[in-house]
Amino acid sequence: MNRSMTVLAAALGIVLAVGTAAVPASAATTATAGTATTAQGYTPSPGIAANSSEDANNKAFYEAVMKSARAKQAANPYLLAVTVTYDTTNAPTFRTTIAQSAQIWNSSVTNVQLRSGTNADFRYYEGNDSRGSYASTDGHGGGYIFLDYAQNRQYSSLRVVAHETGHVLGLPDHYSGPCSELMSGGGPGTSCTNPNPNSTERSRVNSLWRNGLALVG
């Protein structure tokens, strides 16, 4: 989300600390610098600093989520929109904010819709990471969004979540953009609280997911 964070968590020194129980931000254990606190069972890939590598990871995440959503809905070829299912079990502190983010995206685009549920296409996790929040593939045909406590206190939490969710839908980071551009992330500074994608971003997502189910096979 901010300029200094990488999109992927470090593979070395991972601290497995977040379970299914709520972990209030005020009570969260601060991770050692250079490590990530993630959910039990996840081993994030090595950190990547280059923007091109971050973009490639985001694209891989989007493609994995689209593939998963298509496979589950192939039996319904006449759906007008692809439904992408997410799981907030491991991000209880942010459950309401995630629902608000999904509502924003669902009212902004027509060719893909986000729904909370089981057998999810991707999952949200929460914890501490010195580099902030990020979206990542898990290396096994799926992906997850990690929400960092400190960053969600420093920046508008709804903007952080909506921004990271934008990666699920296929949008790359563009930190040099204005506050009106959701994928500019933390570029405009902490005073920027806009959680809504602009017209270009909405159009891009609709284009990426146009006739999504018809592309199966």
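In which sense, right-handed or left-handed, does α2 pass α4 in their crossing? The crossing is right-handed. This report describes that helix pair and the sheet beside it in a predicted model.

## The α2–α4 helix pair

Helix α2 spans residues 95–108 and helix α4 spans residues 157–168. Their axes come within 9 Å and cross at roughly 60°.

On the α2 side, the contact is made by Thr97, Ile98, Gln100, Ser101, Ile104 and Trp105. On the α4 side, the residues are Ser157, Leu158, Val161, Ala162, Thr165 and Gly166. Of the residues in this contact, 6 are nonpolar and 6 are polar, with no charged residue taking part.

## The sheet

The sheet is open and has 5 strands in the order β4-β3-β5-β7-β6, with mixed pairing. Its edges are formed by β4 (112–116) and β6 (134–137), each of which pairs on one side only. From one strand to the next, the twist averages 25°.

Helix α4, the partner of α2 in the crossing, also packs on the sheet. There α4 touches β4, β5, β6 and β7. The direction of α4 makes about 165° with that of β7, which means that the two are roughly antiparallel, as angles over 145 degrees count as such.

Strand β5 covers residues 122–127 and lies between β3 and β7 in the strand order. It is mostly covered, with 5 of its 6 residues buried.

Both pairings of β5 with these neighbours are parallel. With β3 (residues 82–90), the pairing runs over 3 bridges; with β7 (residues 143–148), it runs over 6 bridges. Arg123 of β5 takes part on either side: Arg123 is the bridge partner of Asp87, and Tyr144 in β7 is the bridge partner of Arg123.

As for side-chain direction, in a regular strand the side chains alternate between the two faces of the sheet.

Methods: Residues numbered from 1 in each chain as written. Predicted model: local features only at pLDDT ≥ 70, side-chain atom pairs only at ≥ 80, totals over all residues. Heavy atoms only, no water. Buried < 20%, exposed > 50% of the residue type's maximum accessible area, 1.4 Å probe, protein only. Helix = DSSP H or I, 4+ residues; strand = E, 2+ residues; numbered from the N terminus. Pairing = 2+ DSSP bridges. Axes fitted to C-alpha atoms, helices over the stretch in contact; angles between N-to-C directions. Left-handed = near helix turned anticlockwise from the far one by under 90°. Contact = heavy atoms within 4.5 Å. Nonpolar A, V, L, I, M, F, W, Y, C, P; charged D, E, K, R; others polar.
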